[in-house]
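Let's read a fold together, one feature at a time. Have the viewer open and ask away.

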Amino acid sequence: MNDRKPDPAIVARDWWRDLQADRAAMAKLRRCHSPTEALFLPATLRLWRALPLSRHQLERAGTLAVALAHVRQDAHEDAPNRSIAQAIGPGSLDTKHQHEPKLSQVRFRRLLLTDGQDEAALMTAMVRLVRMLRGTVNVPDLAVSIVWWTDRTRQRWAFDYFNAGSARPGAGPAETDETAPALAAGDTP
């Protein structure tokens, strides 16, 4: 028997691909104003059942479902190692190698201050982010980030925003975002 929990990145990507064929469900999810509203849709419940989330985390599945419904193209296919935070950031802390960020530092800071306890605020922030990126988002990164929206995730985003991910605490040569544990001891999604 296999006791491994499913990988949220793979589950979400597969669910998102299936959603592309169900235009009615996608349209209903896009019109949801809260994660709770999304829970009334069968597509969201299918996602929740497939994710490593408990009954107490139903709203997190709603947040993810609504955000994914706004994604039009998976940027992971073209640039699998480029995170969402890298895509919206200035590229570097070094002013010589910076470019105009897609999301200003002030707005990025506001995004990072979005608490994982307020699902409606997290959903709104992520939908805005997807829209700002014109629907082209790294689906696995979005999924893992939403499912595990903790201090650790926000810290990873802060380092990635300035393309300083290798300087992030805990990011050694043997640890990448794919191999790092999803949660630190005591963290809750």
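**Reading the fold**

Q: What share of the contacts in the chain with a separation of 6 or more comes from residues 24 or more positions apart?
A: Those residues account for 70% of such contacts, where contact means heavy atoms within 4.5 Å. Keep in mind that this is a predicted model: local features need pLDDT of at least 70 and side-chain atom pairs count only at pLDDT 80 or more, while totals for chains, interfaces and linings use all residues. Residues are numbered from 1 along each chain as its sequence is written, and side-chain values use heavy atoms, with hydrogens and water left out.

Q: How many helices and strands does the secondary structure of the chain come to?
A: Ten helices and two strands; these are DSSP runs, H or I of at least four residues for helices and E of at least two for strands, numbered from the N terminus. Along the sequence the pattern reads α-α-α-α-α-β-α-α-α-β-α-α. Of the 189 residues in the chain, 48% are buried, that is, under 20% relative accessible area with a 1.4 Å probe, counting protein chains only.

Q: Now helix packing: at what angle do helix 2 and helix 5 pack?
A: Two packed helices are described by the angle between their axes and the distance between the axes. The axes are lines fitted to C-alpha atoms over the stretch in contact, and angles run from 0 to 180 degrees between N-to-C directions. Here helix 2 (residues 23-30) and helix 5 (residues 58-69) pack at about 110°, axes 8 Å apart. That makes helix 2 roughly perpendicular to helix 5, the label for 65 to 115 degrees (under 35 is roughly parallel, over 145 roughly antiparallel, the rest oblique). M26, L29 and R30 of helix 2 make the contact with A65, V66 and A69 of helix 5. These residues divide into five nonpolar, no polar and one charged; Ala, Val, Leu, Ile, Met, Phe, Trp, Tyr, Cys and Pro count as nonpolar, Asp, Glu, Lys and Arg as charged, and the others, Gly among them, as polar.

Q: And how do the axes of helix 5 and helix 8 cross?
A: They come within 9 Å and cross at roughly 15°. So helix 5 is roughly parallel to helix 8. On the helix 5 side you'll find E59, R60, T63, V66 and A67, meeting E119, L122, M123, M126, V127 and V130 of helix 8. The tally for this contact is seven nonpolar, one polar and three charged.

Q: Let's zoom in on M123. Is M123 buried or exposed?
A: M123 is buried, at 4% relative accessible area. M123 sits in helix 8 (residues 119-132) and touches C32, H33, S34, P35, T63 and V66, leaving aside residues up to four places away in sequence. M123 and L64 are 59 residues apart in sequence, yet 7.4 Å apart in space, C-alpha to C-alpha.

Q: Last one: how many aromatic pairs does a search of the whole structure find?
A: A pair of aromatic rings is described by the distance of the centres and the angle of the planes. The search finds three, using rings of Phe, Tyr and Trp (its six-membered ring) with centres within 6.5 Å; planes under 30 degrees apart are stacked, over 60 edge-to-face, the rest tilted. F108 and Y161 are stacked, 4.0 Å centre to centre with 10° between the planes. F108 lies in helix 7 (residues 105-112) and Y161 in helix 10 (residues 151-161), so the pair ties together parts 53 residues apart in sequence. F108 is buried at 5% relative accessible area, and Y161 is buried at 1%. W149 and W157 pair edge-to-face, at 5.3 Å and 90°. Ring pairs also link F108, Y161 and F162 into a cluster.

Terms used
Buried < 20%, exposed > 50% of the residue type's maximum accessible area, 1.4 Å probe, protein only.
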